[in-house]
Amino acid sequence: MIQLDEITFRRRDGAGYRNVLDGLSWSVSGAEQVALTGDSGSGKTTLLNILAGLLSPDSGTVRINEQAIHTYNAKQLALYRRTIGMIFQHYQLLSPLNVADNMAFQARLNGRTVSHKEITIMAERLGLGDKLDVYPAQLSGGEQQRVGIARALLNRPSVLLADEPTGNLDSMRSQEVLELLMTLCQEQRVNLIMVTHSRALAAQLPRQVALRDGRLHE
Ligand SMILES: Nc1ncnc2c1ncn2[C@@H]1O[C@H](COP(=O)(O)OP(=O)(O)OP(=O)(O)O)[C@@H](O)[C@H]1O
């Protein structure tokens, strides 16, 4: 459950400032899957970063599952960030760890025990069943992307923020990864917010919103 009210976020623009987000309000119910679209520079990544607690709005309120994160201090935000999942175009896998350990990394960092069985099941679902012992450098871009998805989901997040999660993949792979992401989020009842430039991908999510002039349009 996400509730944003009257969010304003400004960036320096030449000599002055510009409101990238300008009185933005938005409500997303639990486990809803939403595609976030908008022109380049419209503020999509800024909005994801606010939802992730990486940026604070200049004004307005941000409630994620009843947590008023706009009131949080740095320590509280760090704890909050552990409860959400983030998938970015650059998957940031850890090169000295094999696929299995990369998958479990985030959950373990949060003190959650991840069994080998859990890792194996997730790997099978993502078509990585025979890759658990190999290292990121030996994987294709699509495989690395799927390890990133597994890592986020094994952490059992309540919200998954995905910024162009299929950005580096060809259209067939993008389609595959999107379908997996949607299915797994549905099964785990995870709120999925996915930024994409692709109309074809956006159209497959049950809800689409476009960021324009600092606000969201359904
Ligand atoms: N660190 C920064 N300092 C100043 N301005 C920034 C910074 N990061 C982004 N901006 C500006 O804020 C605006 C929104 O950027 P943002 O990255 O959120 O857009 P976006 O919709 O995600 O774009 P894209 O689709 O190209 O990734 C842009 O005008 C950008 O130039």
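The protein has 7 helices and 10 strands, and the model that shows them is a predicted one. With 218 residues, a compact globule would have a radius of gyration near 17 Å, and the 17 Å of the protein agrees with this.

**Overall form**
- Along the principal axes, the C-alpha atoms of the protein fill a box of roughly 50 × 40 × 35 Å.
- Of the 218 residues of the protein, 39% count as buried.
- Among the contacts in the protein with a separation of 6 or more, 70% come from residues 24 or more positions apart.

**Around the ligand**
- The residues that surround the ligand are Arg11, Arg12, Val20, Gly38, Ser40, Gly41, Ser42, Gly43, Lys44, Thr45 and Thr46.
- Two or more residues of this shell are given by each of strand S1 (2-13) and helix H1 (44-51), and H1 gives the most, with 3 residues.
- Sorted by class, the shell around the ligand has 7 polar, 3 charged and 1 nonpolar residues.

**Helices H3 and H4**
- Helix H3 (residues 99-109) packs with helix H4 (residues 116-125) at an angle of about 105°, and their axes are 10 Å apart.
- Because angles of 65 to 115 degrees count as roughly perpendicular, H3 and H4 are described as roughly perpendicular to each other.
- On the H3 side, Ala100, Met103 and Ala104 meet Ile119, Met122 and Ala123 in H4, and by class this contact has 6 nonpolar, no polar and no charged residues.

Technical notes: Residues are numbered from 1 along each chain as its sequence is written. This is a predicted model: local features need pLDDT of at least 70, side-chain atom pairs count only at pLDDT 80 or more; totals for chains, interfaces and linings use all residues. A residue is near a molecule or strand if its C-beta atom, placed from the backbone, lies within 6 Å of it. Helices (H or I, at least four residues) and strands (E, at least two) are DSSP runs, numbered from the N terminus. Ala, Val, Leu, Ile, Met, Phe, Trp, Tyr, Cys and Pro count as nonpolar, Asp, Glu, Lys and Arg as charged, and the others, Gly among them, as polar. Axes are lines fitted to C-alpha atoms, for helices over the stretch in contact, and angles run from 0 to 180 degrees between N-to-C directions. Angles under 35 degrees count as roughly parallel, over 145 as roughly antiparallel, 65 to 115 as roughly perpendicular and the rest as oblique. Two residues are in contact if their C-beta atoms, placed from the backbone, lie within 7 Å. The radius of gyration is taken over C-alpha atoms; the globule rule is 2.2 Å times the number of residues to the power 0.38. A residue is buried if 20 or more other C-beta atoms lie within 10 Å of its own, exposed if 12 or fewer, and partly exposed in between; C-beta atoms are placed from the backbone.
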